[in-house]
Amino acid sequence: MLLEITDLAVAYGRIEALHGISIQVDAGEIVTLIGANGAGKSTTMRAISGLRPASRGSIIFDGEDITNLRADLRVTRGISQAPEGRGIFPGMSVMENLDMGTYARKDRRSPARDADLERVFALFPRLKERRTQVAGTMSGGEQQMLTIGRALMARPRLLLLDEPSMGLAPMLIQQIFSIIKEINAQGITVLVVEQNAQQALSIADRAYILETGSIVKSGQGRDMLGDPAIKAAYLGVA
């Protein structure tokens, strides 16, 4: 088990967004968390990254309790996030954005960093073509590639992807999910939050359904893809 979340609650002032959820992610898996807007998916990701404090519960990463660990130290432990809404630095070039992903690395000036950069360029050839381009002038799909590439430059053991398909055309969505599978095949564990349940469940080893701050169902990804109740609620199939 790489990540274990137990009875996690997170609040925004007096409003509790997560009501004691429990999730586990085993090393080498793709796990997806699906649910409607406002279900608490992004809050879960922010809590794992250390951007939102837990009001109760625990987050264990590779056997270490990181519940109260600073966000930057979680990155050095091996947790990296591609946030919802992309969150690139629009006035910086593609290369400068990618370099920001190495900020917490001690070996950021070593051949290891160069090797990681080449791996990112192999996954996203468009980024190599546009390495000197100002990131804010790229298309939405290219910016999403840059967001994931920047997260990979931190050399994560656990990659958190928050709504990677948001705002993308159907063809680009398929490409992004294909790349997620390739990233996982390279040995990186992935936790992905998605509203596109069809795509997310089709690549996930396991899945959790989140509704109004609570986990209401979990199981194997492909089993849940065939579940009539999930089809009706999330896939638009009666």
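Predicted model: local features only at pLDDT ≥ 70, side-chain atom pairs only at ≥ 80, totals over all residues.
Modeller: Residues are numbered from 1 along each chain as its sequence is written, and side-chain values use heavy atoms, with hydrogens and water left out.

Biologist: What makes domain 1 and domain 2 of the protein chain?

Modeller: The bounds come from an automatic or database domain assignment. That assignment gives 3–78 + 156–235 as domain 1 and 89–155 as domain 2. Their C-alpha centres lie 23 Å apart.

Biologist: Which residues count as being in contact there, and how many does each domain give?

Modeller: Contact means heavy atoms within 4.5 Å. Domain 1 gives 17 residues and domain 2 gives 13 residues.

Biologist: What is the area buried between domain 1 and domain 2?

Modeller: Buried area is the accessible area (1.4 Å probe) that two parts lose on being put together, summed over both. Here that is about 1,200 Å², with 79% from carbon and sulfur atoms. P156, I176 and I179 supply 33% of what domain 1 buries against domain 2, more than any other three residues.

Biologist: How many salt bridges cross the interface of domain 1 and domain 2?

Modeller: A salt bridge needs a side-chain nitrogen of Lys or Arg within 4 Å of a carboxyl oxygen of Asp or Glu. Across this interface the rule finds zero.

Biologist: Why is helix α1 called mostly covered?

Modeller: Helices are DSSP runs of H or I with at least four residues, strands are runs of E with at least two, and both are numbered from the N terminus. A residue is buried when its relative accessible area is under 20% (1.4 Å probe, protein chains only). In α1, residues 41–49, eight of the nine residues are buried, so the helix is called mostly covered. Among them are K41, M45 and I48. After α1 comes G50, with a positive phi near 90°.

Biologist: Why is T189 called buried?

Modeller: T189 has a relative accessible area of 2%, which falls under the 20% cut-off, so T189 is buried. T189 lies in strand β8, residues 189–194. Leaving aside neighbours within four places in sequence, T189 is in contact with residues including L2, V25, D26, R157 and N184.

Note on methods:
Buried < 20%, exposed > 50% of the residue type's maximum accessible area, 1.4 Å probe, protein only.
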